Amino acid sequence: MTEEVSSKKLSSIIARVLDDKKAADIAVLNVANVCVLSDFFVIASASSTTQVKGLTSSLRERIKELFGRIPNGDENDLKNRWNLLDYGDVIVHIMLNDVRESYALEKFWNHALKVSKEEWEEESKEFSVYSK
């Protein structure tokens, strides 16, 4: 199924998928007014390299299943400490906790608008694997 979806909706669904898969400390940043690369960044933490890899793989498959979209690019370090999926309008960073603290992307992009958890949950509620 290929479906057009807004970048805000896609970033919210990505956050929801990561949340359902037990990613931690999920942040959705609206960078449209401060970045030419993308409209939204989704940043999530994982507690192990296995979880980084698993979250990346699960997310890639779920977005393909829902919207027929594959990332324009994906990058990861050889040890799966930081994986990136580039969907064009949304860039996803899945990072080990200590790597996330070291690079502090939220601080670097502190002039971006943060989308609250309540907002991305509401935007993506029909995509929860736990919805009734």
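Visitor: Is tryptophan 109 buried or exposed?
Guide: The relative accessible area of tryptophan 109 comes to 14%. A residue counts as buried under 20%, as exposed over 50% and as partly exposed in between, with a 1.4 Å probe and the protein chains only. Because 14% falls under 20%, tryptophan 109 is buried.

Visitor: At what pLDDT do side-chain atom pairs count in this model?
Guide: Residues are numbered from 1 along each chain as its sequence is written, and side-chain values use heavy atoms, with hydrogens and water left out. The model is predicted, and while local features need pLDDT of at least 70 and totals for chains, interfaces and linings use all residues, side-chain atom pairs count only at pLDDT 80 or more.

Visitor: With which residue does phenylalanine 108 form an edge-to-face pair?
Guide: Rings of Phe, Tyr and Trp (its six-membered ring) pair if their centres lie within 6.5 Å, and planes under 30 degrees apart count as stacked, over 60 as edge-to-face and the rest as tilted; by this rule there are 4 aromatic pairs. In one of them the centres are 5.3 Å apart and the planes are at 80 degrees. Phenylalanine 108 is itself exposed, at 56% relative accessibility, and the partner in this edge-to-face pair is tryptophan 109.

Visitor: Which residues do ring pairs link into a cluster?
Guide: The edge-to-face pair of phenylalanine 108 and tryptophan 109 belongs to a cluster that also takes in Phe41. The cluster linked by ring pairs therefore consists of Phe41, Phe108 and Trp109.

Visitor: In what order do the elements of the protein run from the N terminus?
Guide: Helices (H or I, at least four residues) and strands (E, at least two) are DSSP runs, numbered from the N terminus. The protein has 5 helices and 6 strands, and the order of these elements is α-β-β-α-β-β-β-α-α-β-α.

Visitor: What is the radius of gyration of the protein?
Guide: The radius is taken over C-alpha atoms, and the globule rule is 2.2 Å times the number of residues to the power 0.38. For 132 residues this rule gives 14 Å, and the protein comes close to that figure, so it is as compact as a globular protein of that length, with a radius of gyration of 14 Å.

Visitor: What percentage of the contacts with a separation of 6 or more joins residues 24 or more positions apart?
Guide: Contact means heavy atoms within 4.5 Å. Of the 132 residues, 46% count as buried; among contacts with a separation of 6 or more, the share from residues 24 or more positions apart is 64%.

Visitor: Which residues does asparagine 80 touch, not counting those up to four places away in sequence?
Guide: Asparagine 80 sits in the loop between E3 and E4 and is buried, with a relative accessible area of 14%. Its C-alpha atom is 6.2 Å from that of valine 52, although the two are 28 residues apart in sequence. The residues touched by asparagine 80 are Thr49, Val52 and Lys53.

Visitor: What is the relative accessible area of arginine 81?
Guide: Arginine 81 is placed in the loop between strand E3 (73-76) and strand E4 (82-86). Beyond its neighbours within four places in sequence, its contacts include Thr49, Val52 and Ile94, and its C-alpha atom is 7.9 Å from that of serine 48, 33 residues away along the chain. Arginine 81 counts as partly exposed, with a relative accessible area of 29%.

Visitor: What is the phi of lysine 22?
Guide: Most residues other than glycine have a negative phi. Lysine 22, in the loop between helix H1 (7-20) and strand E1 (24-30), is exposed at 57% relative accessibility. Aspartate 25, found in strand E1, has a positive phi near 50 degrees, and the phi of lysine 22, also positive, is about 75 degrees.
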